[in-house]
Amino acid sequence: MRTEIKKEFKKIASKNPKLYYAVDFLKKKGFKRGQCKKCQTYYWSLNEREVCGDANCCGGFDFFEDNPCKVKLNYVETWNSFKKHMAGKGYTAIDRYPVVARWRDDTDFVQASIYDFQPYVVTGEVEPPANPLVVPQFCLRFNDIDNVGVTMSHFTGFVMIGQHAFLPKEEWDLQKNFEDLYTFFTDVLGIADEELIMHEDAWAGGGNLGPCMEIFSRGAELANQVYMLYEVGEDGQKELKLKVLDMGMGHERVCWFTQGKKSAYDAVFPKVMEKLYARSGVKVNDEFFSKYVKYAPFLNLDETDDIEKAWKELSKESGLSSAEIKEHLPKMSALYSIAEHTRSLLFAISDGALPSNVKGGYNLRVILRRALGFIDKYKWDLTLKEIALWHAEELAKIFPELKKNVKHVSLILDVETAKFKENKERNKKIIQRTSEKPITKEVLLTLYDSYGIDPEEIKKEAGLKGIEIEVPENFYKLVSERHENQTETSTTKDVIKGFENLENTTPLYFDHYDLLDFSGHVLKVQGNYVCLNQTAFYPTSGGQLHDTGVINDCKVVDVIKQNGLIIHKLDKVTFKEGDKVFGKVDYDRREQLTQHHTATHILTGSVRRLLGDHVWQAGAAKTLEKARLDITHFEQLSKQTINDIEKLARDVISENRPVYKEFMPRSKAESAYGIRIYQGGAVPGRELRIVNIEGFDVEACAGTHVDVTGDVYNLKIVKTSKLQDGIVRIEFVAGKACQKMIDMEKEILDSAKKILECQEDLIVGRAKELFDKWKKARKNKLDKFKFESKEVVEEDVIRNTAEVLKTQPEHIIKTLKRFKEEIKQKTK
């Protein structure tokens, strides 16, 4: 769909280039328009030529000898020189956003610099952090995994240097936008005008559409300046209120272009590559690479339909035989991939992502396994954590946060490496069994998906048995696509009809959680559903249950949020539209839910401080009985860790810290507190409600909260579990629910102590009786069961007694004595 929209708009723009491209500037410089005889793209050049500037049309890369740049820039210098040039043109440089796109609900990772500003800045709802601006935005794209280390130019993780402006129509100056960028290449890099070729193209993505101008030189695309003019929706295209400048320049590509080295990897992270060459013992054959790299773009799997044909064409043009390619390329390709993949993992994990088996975390695990697979295959003495450290040190001048977080990143890489080694031993039998017969591409993908088995291992084992297995060249792209196409399902309430075209309800619960009594006017009555102009009743949202209470003499049994409306479900309705009514919220319920919600924020801050910055909220629920917090973490929590978390949370409660609640413009909130405020996921709107536990935790949240942490009273973690790969669930109680549980536990322990103080023969009989009750309750699938107060015993006592009774009666007395000592210790 997106590709078709882009193609169609490209045709429209090409028919009227003066309207959509910087034609006035190009003509003033003497450029003339032509059409490529190979790809049919329109281009602008000072020289007479038959093809455009793309490598696939003009015969490959040609900037290694007689480089057109007058300066050679390393990675840090490339950004600094661009930043300085654009500052002179009126642009403000801002820090990169995290590559984990927590502020968006439509993607896991940032894939282009414009992602930082979609949708709210682009639509004009929110002010940008600066205007115009430039940003060195790290991005992740996993469709190029198979190209890494082969084309010598592709990355899964790369910095897109963004040039952005968000301007009303009257301030839009397309000619200046292009000149600002163009002069970086000519005035700063020293590239002659005749070395540059501009392509007319179109771009579509993120719900936006517009023309774009690509800048090429010697076969390399250096930048793509997009002019976002339209919003694309179900009803077609409509003009944006603001004209948006969206230029993306490959930081890695430009750095490489100025140096003309044999690969982009050697130009971008030379210190890392030097260490990898030394440690691996791999010797670089310069003669081979000088022939290979020029035609390596032919192997781009995104651009070719026949990879075998592309390899033959490369061999023909370069003069390299298949034997030479097999001798020199594989180890170099593997080493480049290890370096590149580790760099991507460093950024992603530093920004809060975790390798896992779900969503975006799966793609991180794919490149991690691929890197470890190469290390294992060639028996190199390398670890991902030391390579990550090398990268962090080399990038410290522009991304100092990586070095700050590298210790934590190393811990996670070690955990993942251990899992990889464990799985390798487990997978040996599967590989032997599977390789006994020919298998399909789908089976290879499933084996990788389910067990992480490298298809090359299966191919190798099958080859020993005389069975030929073909592994797709784009294998890792196919793996990635499997997970990109997965969609999450969620349960949502049905839309209540009859409440259209009403003004939004004014919530009265934001400032004071203990505001319980209020009056309002009835806007709409539909059956037992009622909407008022204002209400103090909190609707189910953000994981917090709804309030109950009364409106006049009618019981409120449910409260629903529907767009900007708050709709009450009543047991009956005794008033009509237009009436003034009086509401009263049930205080006990409100207080308990509020305590659980603030406690969730306290717990979030506690686990992040103790476990690391990779911890994010992955889900939460606040009910009357208990609350739960799901967090991103790579392993189950130990008993000591649980105790430490609980202690820190209780300390924060006892410190009685203020809990500030205020509405702020989105841009101001992000500037003040960063992306960390999006703990509950993407939050819509130009204004955010910020809940700030002084000096401890800040989140965007619309729930009810106490005014000081002391009002939470207490917190107790009752259970933790590994919900899924990379997600740990913490169940806890706070406030009155916590005190209730503490009282109940004391009663249980006291009762159990009394029982265990009985004579031993009576204990055995009593245990059997209790065990029968326990079995009956479980058989009836009762989640909870109660005994008479004198019969109450701690559930683990019953369960352990049950296990003993299943074995041998003679062990009963001995085991119960041990239980008695344990309970004595607990009661102390």
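Author: Glu-670 is buried: its relative accessible area is 15%, and under 20% counts as buried. Please keep in mind that this is a predicted model. You will find Glu-670 in helix 21, which covers residues 666-673. Which residues does Glu-670 touch, once its neighbours within four places in sequence are left aside? The contacts are Tyr-97, Ile-675, Ile-677 and Tyr-678.

From here, let us turn to Ser-217, which belongs to strand 7, residues 208-217. Ser-217 counts as buried because its relative accessibility is 0%. With residues up to four places away in sequence not counted, Ser-217 touches Pro-68, Ile-191, Glu-195, Leu-196, Leu-222 and Phe-257.

Now for the helices. Helix 19 (residues 587-611) and helix 20 (residues 639-654) have axes that come within 9 Å of each other and cross at roughly 130 degrees. That angle makes helix 19 oblique to helix 20. Their crossing is right-handed. On the helix 19 side, the contact is made by Ile-602, Leu-603, Ser-606, Val-607, Arg-609, Leu-610 and Leu-611. Helix 20 contributes Thr-641, Asp-644, Ile-645, Leu-648, Ala-649, Val-652 and Ile-653. Sorted by class, the residues of this contact are ten nonpolar, two polar and two charged.

A further pair to find is helix 9 (residues 270-280) with helix 14 (residues 384-394), whose axes lie 8 Å apart and pack at an angle of about 150 degrees. Helix 9 is therefore roughly antiparallel to helix 14, as angles over 145 degrees are counted that way. The crossing of helix 9 and helix 14 is right-handed. From helix 9, the residues Pro-270, Lys-271, Val-272, Lys-275, Leu-276 and Arg-279 take part, and they meet Glu-386, Ile-387, Trp-390, His-391, Glu-393 and Glu-394 in helix 14. By class, the contact of helix 9 with helix 14 holds five nonpolar residues, one polar residue and six charged residues.

Notes:
Residues numbered from 1 in each chain as written. Predicted model: local features only at pLDDT ≥ 70, side-chain atom pairs only at ≥ 80, totals over all residues. Heavy atoms only, no water. Axes fitted to C-alpha atoms, helices over the stretch in contact; angles between N-to-C directions. Helix = DSSP H or I, 4+ residues; strand = E, 2+ residues; numbered from the N terminus. Parallel < 35°, antiparallel > 145°, perpendicular 65-115°, else oblique. Left-handed = near helix turned anticlockwise from the far one by under 90°. Contact = heavy atoms within 4.5 Å. Nonpolar A, V, L, I, M, F, W, Y, C, P; charged D, E, K, R; others polar. Buried < 20%, exposed > 50% of the residue type's maximum accessible area, 1.4 Å probe, protein only.
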